[in-house]
Amino acid sequence: MSTSSVRRVDVAILGGGASGALVATHLLDRDDAPSVALVEPRTAPARGAAYSTGRPEHLLNVRAAGMSAFNAEPGDFVAWLQRQPAHSGTDPATLAPRFMPRRKYGAYLAALLEAAPAAARLQRVATVADRVAPLDTGYRITLADGGCIDARVVVLAIGNLAAPLPLAGADMLGAGQVVEAWDYEAVTAIDGDADVCIVGAGLSMVDAVMTLHANGHRGRIIALSRNGLLPLAHTVATPAAGDWTALLPLGVRARLRVLRGWVAAEVAAGRPWQGVLDALRPHVQALWTAWPEIEQRRFLRHAVRQWDIHRHRIAPEVAAVIEALAMEGRFVLHAGRAHALEAGPRLRLRYRRRKDGAEAVIDADLLVNATGMEKRITRARSPLLQGLLADGLARPGPHGIGIDTAADGALRDRDGRPVPGLWTLGALRAGSLWESIAMPELRGQALQVADAVRARLATSSP
C-alpha cells in the first residue's frame, strides 16, 4: 500500500457509539483541537448498541435528570429536551423525572458532537477497525474495507459486544430461526403468530418483549434464564443508607448482611428499598476495587445476578407491561440452564430446570438471543481485540473480564505495563472497575481519556 493512500490523523477513535462520540466531543471542544477520525460503521454517530434503536418503547433506564453528558452540567440533557419541538415549553421539573426513549438520547449525543466548536476537524470513517499495530510515531489501524489510518494515539471505544449463544446445535438452525436481541429491525419483523423463545432475562430480553408487545404479538413468549430473575423497577426514592465506607473492609457475605439491614430499616419506615441502592450508586467502583480477588470471585459466583436485578432497574412503565403480560399468561419465564438446540421446522431448546435439575424442553418457531454482552475478551468475536491480545498490546482484565487498564484507561500490555498512546473506556474496563457502562461512568471516563490524549499529543512528536 502506498503511503499516499494512508489517512493520517492525530487521534483515531475506534467506535462511534456513546463513549466514542463523547471522547470526540471533548477533543473537539476548542479551536486548537486535534484532527480526529471516528471509525464507526453506523451511518449516524453516537448510536451504539443501546441508542441505535428507533423503537419508541425502548426507554432509558435512568431518569432524564441523570443523563447529562457532562458532570459539570447536570441539567444539560433536560435543557436539550426543552429545545426540541416535542417538549417546547415543558417545565424542566416535568421532564427531569421521565424515562425518555433511548432514540432521543442518541439524538442528543449526536447533536453535541455536531455542535462541537472544532467539528470540522472530525473525519467520519464508515467501517470497522481490524488491527492496530505500533509505528515509530503512533499506530497504524487496518480497516475492514481495506484502508488504513495512521494516528498518533488511539482510543478503543467499541462498546458492548454481543455474546454468542453458548449452545450445542445453534449453528444448525435455519435462516431466520435465531434473532439477536440487539438487531432491533429483526425483532420488529418477527411474525405476530410465532412462538418465541428468548434466552436470557436481562435488559435485552426486556427490549425484545416490549417490541413484541408493541407490535401486538399473538404467539407465546417464553424466556429462559439460569436464575429466573427479572430486572426490578425504579421508584421515587430518596437515597438513604448508612455510612457506605463501613462496607469497604467487609467481604461479600458481610456486606450483604449490612445491606439487607439497611433495606429492612427503609421498608419498616415505609420507604422504598431502592433508596439504599441509589445511595450506594456513586461508590460502586470504590466498593469493587476494595475487595481482594477472592472476594470479587465470590461475588461473581454467588451474588452477581441478585446485584444486577436490583442495580440495573427498568422504568416503572416498562415493568408494568412485563408484569401485565405475565399475569395474562402471554409471557412466561423459566429458570434453568440451556444445554442444546435441536433444529427442525420448529426448534427445540433443551434445558435443566433450576429447582430440581430435571430435563425440560421449550418448543418454539424462533429463538431470540438475549444473553447480553460478552464480558470475556478471549471469547470476543472481534479481530481487533484478538489482534491486540496476540500482539501483546493488551491482556485480559481481572477475572478475564474486559481489558486490563491503568487508572487513566491506558491499556496494559501482556507484562502489565501501560501502553503509551492507547486508551479504552466503558465496557472494556468492567473487570477493573465493575461499574463502567452507565452514563455517570462513561461521561467521566470520556473526559479523563480526552485529557490524557491532549497531554500525550502535547509531549509527543507529530
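Helix α1 passes helix α4 in a left-handed crossing, a term that applies if the near helix is turned anticlockwise from the far one by less than a right angle. In this predicted model, local features need pLDDT of at least 70 and side-chain atom pairs count only at pLDDT 80 or more, while totals for chains, interfaces and linings use all residues. Residues are numbered from 1 along each chain as its sequence is written, and side-chain values use heavy atoms, with hydrogens and water left out.

The axes of α1 (residues 18-27) and α4 (residues 102-114) come within 9 Å and cross at roughly 25°. Axes are lines fitted to C-alpha atoms, for helices over the stretch in contact, with angles running from 0 to 180 degrees between N-to-C directions. Helices (H or I, at least four residues) and strands (E, at least two) are DSSP runs, numbered from the N terminus. The two helices α1 and α4 are therefore roughly parallel (angles under 35 degrees). Ala18, Ala21, Leu22, Ala24 and Thr25 of α1 meet Leu109, Leu112 and Leu113 of α4, with contact meaning heavy atoms within 4.5 Å.

Turning to the sheet, 7 strands form an open arrangement of mixed pairing, ordered β7-β13-β8-β9-β10-β11-β12; two strands pair if DSSP finds at least two bridges between them. β7 (178-180) and β12 (359-364) stand at the edges with a single partner strand each, so one side of each lacks a neighbour in the sheet. Strand β11 (residues 347-353) pairs with β12 in the antiparallel sense over 6 bridges, and Arg352 has Glu359 in β12 as its bridge partner.

Notes: Angles under 35 degrees count as roughly parallel, over 145 as roughly antiparallel, 65 to 115 as roughly perpendicular and the rest as oblique.
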